[in-house]
Every structure is written in structure tokens, then in C-alpha cells.
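Open the predicted model in your viewer and follow the stops below. Keep the selection tool at hand.

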Amino acid sequence: MPESAIPTSRPRVLSGMRPTGKLHLGNYMGALANWVKLQDAYECYFFIADLHALTTDYADTSKIAPSTLEVALDFLAAGLDPKRCTIFVQSQVQQHYELPLLLGMITPLGWLERVPSYKEMQENLASKDLTTYGFLGYPVLMASDILLYQADFVPVGQDQTAHVELTREVARRFNQFYKLEGAEVLPEPKVLLAPSPKLPGTDGRKMSKSYGNTIQLTDPEPVVRQKLKTMVTDPARIRRSDAGDPDKCPVGDLHKVFSTPETLAKMYDGCRSAGIGCIECKGWAADALVQILQPIQERRAGFTLPQVKEILEDGSSRARVRAGQTMEQVRAAMQMSLRGE
Ligand code: TRP
Ligand code: SF4
């Protein structure tokens, strides 16, 4: 693909996702669906953060590459279009190994220790030894991901805003120490807060891979219907004749995100008057989910593995060019070049 296919006058957006394997509806609604909408208004870079996976999964790296390909397929299935955005793999762009070292030099330890997810993650993943340099330094890796593309905006969920804030602080500190012909090299990125509706999993808790309560983007219709059947409902609605309250029911929450206003009205009425049963109600929710998933699954079926690999290689080489420009400026500002001496 010619490089000129990617115009550069638009504000730049960058975001990434860890290679967790097949993505679920929560990932789609919380991030991907939003990214897809950004492709034309912004110059977009979307990547799979496989180096980030190393911060927790360093002892067994066998799942990282296969998961990276699954996530890439889900990106494409969701509608990210390699003609309109750059899709790449972090480990294939050497600048992602380079900038963290330089930014690490200027990042005070205290900034890293107070990142809220640091202690929390260490406790949640108590089975892994996360007292490593790499795990503590994870926010520097993320700051580098963003700053390498001199991104203006970073579309992320609420849980990542502290990391973007730290990225801004690192950029500010860098710009204070180093300038290039009097100018600042690393612009401070802004969060582009994605609208992320509350999406419950089948057990009523937040949909999350670690809870095993997800509906995957690749789930075929019968699987979606079966998962809905076993989904928890308003606990007050024990018998068919009991009235329920969709606002206290995870199935009701799914309807609110995916159903048409007509179905919603039918659902509220029917549930509160005990006019419908939960099985019928769940069938309607499943209909709405199947409709969302169908085009995603059709797009996915249109890609072969060699095509996906080619798209990632192509995107990664474009990313290297862009990140390389930033590194030139960074090295020049830090006077880490013998040229001109
Ligand atoms: N930390 C993000 C997550 O866990 C993934 C990520 C890595 C990222 N680098 C990024 C997101 C840069 C936005 C920008 O989901
Ligand atoms: Fe939930 Fe629907 Fe049953 Fe009401 S009818 S409790 S909204 S599943």
C-alpha cells in the first residue's frame, strides 16, 4: 500500500490493547466500536501491546503470539480498515524498546509507585511474581507508546486515564529538560474518553475475561442464545407470575445497550406487569446481540491468516517510519547524536 494512502493533516490518535486472545462484546463496546468511528476524522494508529503482555506473562510467552493474531483478526472483524488506519504490533517496531529506556531515566520512582493499578494488579495476580523492574516500569512503556507517535488524543476507558495523565507528566518533564532548536518535541496527549456503556456478563458482574462470563465476538448464534438462557435475572422475579424490574436485571442492562426503543418499551412493560417471561425476554436480547455480531463475524470470515500477517507487517513498517521520526527528534534534543559534533 502506498504511504500516501494515509494523509497526515488530521489530528493523531493512538490506542492499544493487550493480546488477551479472542475479544468479547465488552471489549467491542468499550473500545473497538469507538475506534472504528475515529478512522476518518483522525490519523489513527491502533496496536497490539504484546510487549505489555511480557510485564505479567514473562515466564510463559507461548500464548502471546497466537493471542496477538486473534486480537488482530478481531480488530479487522470489528471494522478497523487497514486502508484508513495503521494497525501494528508493538514488538515489531523497535522504537518501542528504545524510547522507554530514555524516558525511564527521567521518570521518578514515586510517580510509578503511585499509579493506582500497580498495587492492585500485584494483589490480583498474586500467583505471579510482579516485583520486577518491567512491571513497575509498565507506565513508562505506555507513555512511550503514545509519545512515539506524538499523538494528540488517546481513546481509552476510565481505567486507563491515570496512565495518560502520567504520560503527560513525563512529556512535560522531557520538554523541560530537552528542546530541539528551542521547540518542544513531545506534545502532551489528551484522553478521548470513550462512551462505554455498562456491559454485564452472564453472571451479572462486569463482562470480563477473568470472570469467564463473556460473550465473544466469534460466538455463533446458538452459543449466544445458550449463554443468554443461563444469564442471571432480577432476583426478585422467582416465578413467572412475579413482576420484575429491568433496572435490577443484567438482561435488562443488555437490552438498554442493544435493543430498539420498541423492544425496550415492550420489555419494560412486560417485565413490570409479569406479562412476559424471562425466557421470551432473553430471546429478544439474544436477537439484538446476534444482529450486532453478524456483520462482525462475516467480516472476520473474509480474512485468511496470511492476509492478517501481511496487514500487520505493513502496518508495523508504517509505524516504524513514524516512530523513527520522533526518535530522531528525541535523540537530537537529548544531544545523543555525534552528528554535527
Ligand atoms: N494499558 C492498556 C490496557 O491495558 C493498553 C495500552 C498499552 C495502551 N499502551 C497503550 C492504551 C497506549 C492506549 C495507549 O488496556
Ligand atoms: Fe430480566 Fe427480562 Fe426477566 Fe425482567 S423479564 S427479570 S428484564 S430477564
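Start with ligand 2. Select its surroundings: Thr-233, Asp-234, Arg-237, Pro-246, Cys-249, Val-251, Met-267, Cys-271, Cys-278 and Cys-281. Colour this shell by class.

Where does ligand 2 sit? Its place is the largest cavity.

Next, show the helices. Select α12, residues 261-272, and α13, residues 278-301. Each supplies at least two residues of the shell around ligand 2.

Now zoom out to the domains. Colour 12-199 and 304-333 together as domain 1, then 219-298 as domain 2. Then select the contact between them, which takes 8 residues from domain 1 and 8 residues from domain 2.

Last, colour by pLDDT. The protein chain averages 94, and 97% of the residues score at least 70. Finish on residues 1-5, where the pLDDT is below 50. Beyond near neighbours in sequence, this stretch has 7 contacts in the model.

Methods
Residues numbered from 1 in each chain as written. Chains lettered and ligands numbered in written order. Predicted model: local features only at pLDDT ≥ 70, side-chain atom pairs only at ≥ 80, totals over all residues. Heavy atoms only, no water. pLDDT = per-residue confidence, 0-100. Contact = heavy atoms within 4.5 Å. Near = heavy atom within 4 Å. 1 Å grid on protein atoms, 1.4 Å probe; cavity = no way out; pocket = protein on both sides within 12 Å on 5 of 7 lines; lining within 4 Å. Sits in = over half its atoms within 2 Å of the grid points. Helix = DSSP H or I, 4+ residues; strand = E, 2+ residues; numbered from the N terminus. Domains from an automatic or database assignment.
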